[in-house]
Amino acid sequence: MLDISSTPASLFSLCLDYATTHFATISGDIPKLVKSGVATKIWENLVKQQQLDDNTLPCFFSDAYPLKELNLQNCNKISDTSISLLSKKFTTSLNVVNLSFCTGLTTDAYKILSSTCPSIHTLILNYTSLSDNALQLLASNLPGLKSLSIQGCNSITETSIQKVASRCTELTYLDISYCKSINSNCIKAIASLSSLTYLDISWCSDKEQSVSDSAIQKLAKRCTKLQFLGIAESKVTDSVLQKIFHACPKLQRIDLSFCLSALISDKPLKYMAAIQHLNLQGCNITEATLSKILDSACPDLRYLDVSYNDGLKDGWIQNLITNQGLAKNLKTLKLNHTKGISSKSSSSLLSARERLCIFHYCPGSVERP
């Protein structure tokens, strides 16, 4: 029997690589390696190298291994057959399922999974071929879902989103970013999910449709428990932003990347005191507004991303250097692709604030002496 559980770390790593490469020769020993944790490591290696398929996956189906979390991310060789076998084997134990980028699955796989494993509370299905029909089946069969992520599933429309909102009322986490068919009706339906603490509807706009201010306003009014809100590339205005911050006092993190109508006035600033994580990439924010955010609007700000803001200059960095009381809790500052800020200035800021982590990547910029 293969036993590599007690070997030194470096040798253990080599053994894992060997076991992954020559899996066919040791597959019969997998059930014996469950208790030592070695089987899990081999599984992770196979997933990482995208070698899990319908033939290798059944080797891990052991009675001694009540699988609770299933991670098959990037395993695009997996078909409905494997999902059917898994579902029947781990009917009562399976809680968390990640099938992101598993593009070989059909609606039948999701139907079998959701109808056979009622204990699933977390589903991660990013960039799959998930259809409206499949999502409706998942919502119908898994009303106890707590977390759902379907990034980049462009076949999803308001029909299935409305089904999710009406059936999965216990959702606290929902990520539908990069789903290009999301519209205002979807957002209005999601507004009924009052337990949400995390919601990402970023990058859902396209030329034909976009999420309206009124839909986002309705969302904020009802989802008052939100701690994270992603609305990147939306057309949200300062008037609605003000209402979001006022209605959601627990909101600590917000992504406003490329929201060109956001924070062009001071209206929302007096309601932003709870914000700790602020993403303002490509917002064309002015130095004056940004200084107010750092000076008083967000006293507990820990993370700030102002990448792709060409209006920021070295003078703003110098202000951070000389005024040590400004943004004193800031831990991470991202300045990528800010052509108006030189690497010399960002280096000086790093020297002045040793606890501050700065990211400043700007290819093609002209450095000033």
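The second largest cavity is lined by L148, I150, I161, V164, A165, L174, I176, I190 and L193. Here a cavity is a set of points on a 1 Å grid over the protein atoms alone where a 1.4 Å probe fits but cannot get out, and lining residues have an atom within 4 Å of a point. The structure is a predicted model, in which local features need pLDDT of at least 70 and side-chain atom pairs count only at pLDDT 80 or more, while totals for chains, interfaces and linings use all residues. Residues are numbered from 1 along each chain as its sequence is written, and side-chain values use heavy atoms, with hydrogens and water left out.

**Cavities**

- The volume of the second largest cavity is about 30 Å³, a volume being the space filled by probe spheres set on the points, with grid points joined across faces, edges and corners.
- Its lining has nine nonpolar, no polar and no charged residues; Ala, Val, Leu, Ile, Met, Phe, Trp, Tyr, Cys and Pro count as nonpolar, Asp, Glu, Lys and Arg as charged, and the others, Gly among them, as polar.
- Helix 7 (residues 158-167) gives the most to this lining, with three residues.
- Helices (H or I, at least four residues) and strands (E, at least two) are DSSP runs, numbered from the N terminus.
- The largest cavity holds about 40 Å³ of space, and its lining consists of I201, C204, S205, V211, I216, I231, A232 and S234.
- Across the whole structure, the search finds two cavities of 30 Å³ or more.

**Helix packing**

- Two packed helices are described by the angle between their axes and the distance between the axes.
- Helix 9 (residues 213-222) and helix 10 (residues 238-247) pack at an angle of about 10°, with their axes 9 Å apart; axes are lines fitted to C-alpha atoms, for helices over the stretch in contact, and angles run from 0 to 180 degrees between N-to-C directions.
- Helix 9 and helix 10 are therefore roughly parallel to each other, a term for angles under 35 degrees.
- On the helix 9 side the contact (heavy atoms within 4.5 Å) is made by D213, I216, Q217, A220 and K221, and on the helix 10 side by V240, K243, I244 and A247.
- This contact of helix 9 with helix 10 has five nonpolar, one polar and three charged residues.
- The axes of helix 4 and helix 5 come within 9 Å and cross at roughly 5°, which makes helix 4 roughly parallel to helix 5.
- D80, I83, S84, S87 and K88 of helix 4 meet D108, A109, I112, L113 and T116 of helix 5, giving four nonpolar, three polar and three charged residues.
- The buried residues (under 20% relative accessible area, 1.4 Å probe, protein chains only) of helix 5 (residues 107-116) are A109, Y110, L113, S114 and T116.
- These buried residues pack against helix 4 (80-89), strand 2 (96-98), strand 3 and helix 6.

**Positive phi**

- Most residues other than glycine have a negative phi.
- Y127 has a positive phi near 55° and is found in the loop between strand 3 (122-124) and helix 6 (132-141).
- Y127 counts as partly exposed at 31% relative accessibility, a class between the buried limit of 20% and the exposed limit of 50%.
- Y178 has a positive phi near 65° and lies in the loop between strand 5 (173-175) and helix 8 (184-190).
- At 34% relative accessibility, Y178 counts as partly exposed.

**Whole chain**

- The protein chain has 13 helices and twelve strands, and 49% of its 369 residues count as buried.

How values were computed. 1 Å grid on protein atoms, 1.4 Å probe; cavity = no way out; pocket = protein on both sides within 12 Å on 5 of 7 lines; lining within 4 Å. Parallel < 35°, antiparallel > 145°, perpendicular 65-115°, else oblique.
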